[in-house]
Every structure is written in structure tokens, then in C-alpha cells.
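Okay, thanks for coming, everyone.

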Amino acid sequence: MDEDGFWKIVQRAHDSSGGDMDQKCDALRQQIAALSKDEALEFARLFNEKMDQAYDWPLWGAAYVINGGCSDDTFSDFRAALISRGRQAFKRALSDPDSLADDGFDELDWFYEGYQYAVTDGVEAVAGNPPQRIAPAQPSGTEWQEDEVYDLYPKLSAKFG
């Protein structure tokens, strides 16, 4: 399992879901469960790598503006939901978080709690136990202040602020 294989699985689940996060999670869980143990564990490692890559202050600021606040757990759900949208959406959001204002929004989908559990469940079905995860202690990038965060994301602020 390489990064291209990881994103192909994510994209297939996304494309087959019709935009429904529950269906997307079911499709992802099934695809992971069909992998070999080593491939499933590597998928989980790559998923965790993407979660860590997205654990940065600029993206958290965008999530904060969209949701009118964003706790650690909510930001974890946001990052997983972002990954679920595929490689291009993920890369674009990381390079320009304010560009998320150009996307269609169903706030339940953007802060959906469950995509990361579909990964865990799929891997556990194959490997017999859930993948281990050690999250970074702090987000990367420059921390923002709550009273200034809306100024950092003019497009998102216009849409959600």
C-alpha cells in the first residue's frame, strides 16, 4: 500500500457514497476489510500520517470559523472528514484553508464523527486489533488568537462569520 493506493481507496469510498457520510464510512470499512493485514495496517498508518499533516493551526482556524468554535475532538472529526473528500480537496485545504469557502457545505458532514472509526473498524476486522495511534503533542504552524481568527480567513468569515 503506497500513498496512491491509499487515495484510490479513499476516492472510491467517496465516489460511491453519493455524498452520504454513513455510506462513505461503510464503503471505506468494507474496502479496508478486503485488504491483507499488512495493507490494512499500512492504510491506517497513512491515514494517521494525513491526520497528523492536517493537525496545523491554519486549518484549525478555518474549522473554527466554519463551526463558530472548534474543540480538539471536533477538529479531529473535521480532519478525518477532510481526508474523506479525497486527495485534491485535502491538498487544496492544506495549502489554502480559506479556499474551503468555495466548497459546498453540510456542516454535519464537515464535522462528521465517524470516518476515523471506519478506518479503525476496517483494520480491526483484518488485523484482529485496532491500529495504534500516537498524535502529535501540538499542531504545527502559527497559533492564532480567537479574537483575530476571523480576520485570517476573509472568505470563510464572509460565508460563516
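So, which helices each supply at least two residues of the lining of the largest pocket? Those are α3 (37–53), α5 (72–84) and α8 (115–127). Quick housekeeping: this is a predicted model, where local features need pLDDT of at least 70, side-chain atom pairs count only at pLDDT 80 or more, and totals for chains, interfaces and linings use all residues. Residues are numbered from 1 along each chain as its sequence is written, and side-chain values use heavy atoms, with hydrogens and water left out.

Back to the pocket. By pocket I mean an open set of points on a 1 Å grid over the protein atoms alone, where a 1.4 Å probe fits, with protein on both sides within 12 Å along at least five of seven lines; lining residues have an atom within 4 Å of a point. The largest one holds about 280 Å³ of space, counted as what probe spheres set on the points fill. Its lining has 16 residues, with Asn48, Met51, Ser76, Gln116 and Arg133 nearest the centre. α8 gives the largest share, four residues. By type, the lining splits into nine nonpolar, four polar and three charged.

Definitions and conventions
Ala, Val, Leu, Ile, Met, Phe, Trp, Tyr, Cys and Pro count as nonpolar, Asp, Glu, Lys and Arg as charged, and the others, Gly among them, as polar.
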